[in-house]
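The following explanation leads the reader through selected side-chain interactions and their surroundings. Please consult the sequence and coordinates alongside the text.

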Amino acid sequence: MDYTLTTTISDFCLKFSKKISETQEFTLIEELRHENFKDATQPHVHASWELRLGVDNVWNVVPPETVHDISPCLFSLEIDVHRIMITDLNGGLLTNKMIPSNLIPRHLAPELLFFLRQSQNATPLSRHLFSAALYALLDILQLLSRQTEKHPVLNLAQAVRSFLIHKYFKASLSLNDVAQAFGTSSQYLNRVLRRAKMPSIHDLLIELRLEAAEKFLRLGRYTVKDVARLTGWNSPLYFSNCFRKRFGCPPGAYSHKMQHEGPVKQEDAIKASSFR
């Protein structure tokens with residue numbers, strides 16, 4: 001069974017085209033400082049680029065592996081060389097598309113955003129690069145909309161797993177939220193996952209959160225409480241208990257052990273947590 005969405009890519013392209021013709025003002029988001037964790041709203045990290053159109057009509061450009069918090073937005077796009085995921089104002093999934101191999105050479109947005117990151121913010125060059133990235137992204141979305149018949153998005157089990165990979169950090173994420181994103185019930189989704197020999201939504205979410213937490217603990221830069229927040233746990237105690245059960249020791253002891261073995265680079269640890 002292929003998972004298709006009620007909101008088509010063609011519909012989104014019209015909205016996206018209108019927005020990028022109205023505004024290309026942007027801010028390149030910097031790493032959230034540790035001292036600001038306490039007041040941050042759901043601090044988290046993505047392995048991919050994220051473009052968020054704020055309610056103030058300013059684009060927030062979040063580079064990969066950049067710890068940042070959530071701010072109100074009209075919609076967001078998470079993009080890398082192989083995938084584009086789009087969510088709306090309320091966090092609902094609009095589309096999650098794999099990019100076919102024949103279109104990857106046409107997918108220039110990630111490369112343009114990379115050069116944008118190397119340039120100085122708000123310079124003529126950076127503005128030109130950002131404009132080019134937006135229109136390159138529109139181009140690939142339009143191509144994807146015309147290839148939907150030949151290249152289905154994902155089967156439903158894969159789509160659920162991909163959705164959780166991108167949303168595991170949300171502490172408020174419930175089974176009903178996941179079901180609502182796919183327009184069905186959590187019971188049905190769990191049956192689909194079981195037929196695909198995958199864990200339930202609840203178990204899969206815990207698995208993804210623990211894998212991400214293990215990578216953050218390897219960095220040695222974050223407290224156990226911070227790691228719990230970065231990976232979507234409401235309770236540090238519940239996190240510690242789940243981590244001990246999975247890895248055989250409490251998260252604090254695991255982090256200490258990893259530091260004696262030598263800390264890893266941040267980009268290496270977080271890339272390893274992209275679950276690909």
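**Aromatic pairs, salt bridges and a loop serine**

The structure holds 18 aromatic pairs, a pair being rings of Phe, Tyr and Trp (its six-membered ring) with centres within 6.5 Å, where planes under 30 degrees apart count as stacked, over 60 as edge-to-face and the rest as tilted. The rings of F114 and F115 form an edge-to-face pair, because their centres are 5.5 Å apart and their planes stand at 70 degrees. This is a predicted model, in which local features need pLDDT of at least 70 and side-chain atom pairs count only at pLDDT 80 or more, while totals for chains, interfaces and linings use all residues. Residues are numbered from 1 along each chain as its sequence is written, and side-chain values use heavy atoms, with hydrogens and water left out.

F114 is partly exposed, with a relative accessible area of 44%, and F115 is also partly exposed, at 41%; buried means under 20% relative accessible area, exposed over 50%, and partly exposed in between (1.4 Å probe, protein chains only). Another edge-to-face pair joins F216 and Y222, with ring centres 5.7 Å apart and planes at 90 degrees. Both F216 and Y222 are buried. One aromatic cluster is formed by F12, F16, F26, W59, F75 and F130.

Charged side chains form six salt bridges in the structure, each a side-chain nitrogen of Lys or Arg within 4 Å of a carboxyl oxygen of Asp or Glu. In the bridge between R52 and E50, the closest N and O atoms are 3.0 Å apart, and both residues are buried. For R106 and D139 the corresponding separation is 3.2 Å. This pair links distant parts of the chain, 33 residues apart: R106 lies in the loop between β7 (93-98) and α2 (109-118), and D139 in helix α3 (residues 124-146). Helices (H or I, at least four residues) and strands (E, at least two) are DSSP runs, numbered from the N terminus. R106 is partly exposed at 43%, as is D139 at 25%. K18, K19 and E22 are linked in a network of salt bridges.

Leaving aside residues up to four places away in sequence, S200 touches N190 and L193, contact meaning heavy atoms within 4.5 Å. The side chain of S200 also reaches the backbone nitrogen of D203 at 3.2 Å.

Methods
Polar contact = N/O pair within 3.5 Å; in protein donor to acceptor, adjacent residues only side chain to side chain.
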